[in-house]
Amino acid sequence: MRAVGIVVLIVTALLGTAYALGRSLVPDRPASDVTTSGQHYADQPPTDDPDRPTPGDDRSTGPAVAGQDGGASPSGTPTKTDGPYGTQTTSGTSQVALTFDDGPDPQYTPQVLALLREHHVRATFCVVGENAQSHPDLVRAIVADGHTLCNHSWNHDVTLGQQSPETIRADLLRTSEAIRAAVPNAPIAYYRQPGGAWTGSVVSVARELGMTPLHWTVDPADWETPGADRIAGMVLTNVEPGSVVLLHDAGGDRQGTVDALYEILPALTSRFKVAALPNGAT
Ligand SMILES: [Zn+2]
């Protein structure tokens, strides 16, 4: 019996190792594997694997607040660049900034825009190049409503930061060109790396191209589709003056995020000034 027990233990350990290895390898899938569906990007796994860690992503520990002890200095003034590789994590003022990643999406982006309009809130949209190319009308709608644009790479490659600076530059430029094809003169002041998988190279290239690398302060993990109430609860519990809130208007089923906005927007605007990140920030 003891031998059987040892065998069971060994098999269990091996299975566990294989499982952990499999999980750790998931982000390394080629971009083409994770974007062809148009539904799930690499930092937004299917809901049957919600806890998959992503390298360099603060979300690897689940819902979290980045820079918990660095979001505000002792004087109460938010510090701005305490994210990975000096990326921006807060608005730098007392204003709260909502950010919407991975769109534009024909199903969800119009709903988000309508709700923001209703509550007189301007936000920041981190758009994916191929989606901007597919939906230039939605890029125009974002800009027409006064929101700020952010480049979120061509096809949401979480490993982009590991590529050569030339490859990174080409990807970011292609994305900005797709955005500008829709809105020729709109500023694109920010870049956000998919998965939060920043590297020194991607930060440098973004800055070279005149975009501020933008991380976040509060992540309700809406991409795990925990439901509107939990998304809203996470945001409203953790937000502080200057918080940059990470939300998604594309990349999967985002109805929970849209529904959460019905709760988030009135509550946030009663407590904070909620605004788009300024264009032209450095
Ligand atoms: Zn994303």
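Visitor: Is His152 buried or exposed?
Guide: This is a predicted model, where local features need pLDDT of at least 70, side-chain atom pairs count only at pLDDT 80 or more, and totals for chains, interfaces and linings use all residues. Residues are numbered from 1 along each chain as its sequence is written, and side-chain values use heavy atoms, with hydrogens and water left out. Buried means under 20% relative accessible area, exposed over 50%, and partly exposed in between, with a 1.4 Å probe and protein chains only. His152 has a relative accessible area of 1%, so His152 is buried.

Visitor: Which residues coordinate the zinc ion?
Guide: Donors here are N, O and S atoms within 2.8 Å of the metal (3.2 Å for Na, K and Ca), and sites may look incomplete because water is not among the atoms. At 2.1 Å, the zinc ion is coordinated by Asp102 (OD), His152 (NE2) and His156 (NE2).

Visitor: How are the donor residues of the zinc ion spaced in sequence?
Guide: One of the residues coordinating zinc, His156, has 0% relative accessibility and so counts as buried. Along the sequence, the donor spacing reads D-x49-H-x3-H.

Visitor: Which word describes how α6 lies to α7?
Guide: Helices (H or I, at least four residues) and strands (E, at least two) are DSSP runs, numbered from the N terminus. Axes are lines fitted to C-alpha atoms, for helices over the stretch in contact, with angles from 0 to 180 degrees between N-to-C directions. The axes of α6 (residues 165–182) and α7 (residues 200–208) come within 9 Å and cross at roughly 50°. Angles under 35 degrees count as roughly parallel, over 145 as roughly antiparallel, 65 to 115 as roughly perpendicular and the rest as oblique, so α6 is oblique to α7.

Visitor: What classes of residue make up the contact of α6 with α7?
Guide: With contact meaning heavy atoms within 4.5 Å, Pro165, Ile168, Arg169 and Leu172 in α6 meet Ser201, Val202, Val205, Ala206 and Glu208 in α7. Ala, Val, Leu, Ile, Met, Phe, Trp, Tyr, Cys and Pro count as nonpolar, Asp, Glu, Lys and Arg as charged, and the others, Gly among them, as polar. By class, the contact has six nonpolar, one polar and two charged residues.

Visitor: What separates the C-alpha atoms of Thr89 and Val218?
Guide: Thr89 sits in the loop between β1 (64–65) and β2 (97–101), and its relative accessible area of 5% makes Thr89 buried. Thr89 and Val218 are 129 residues apart along the chain, and their C-alpha atoms are separated by 9.0 Å.
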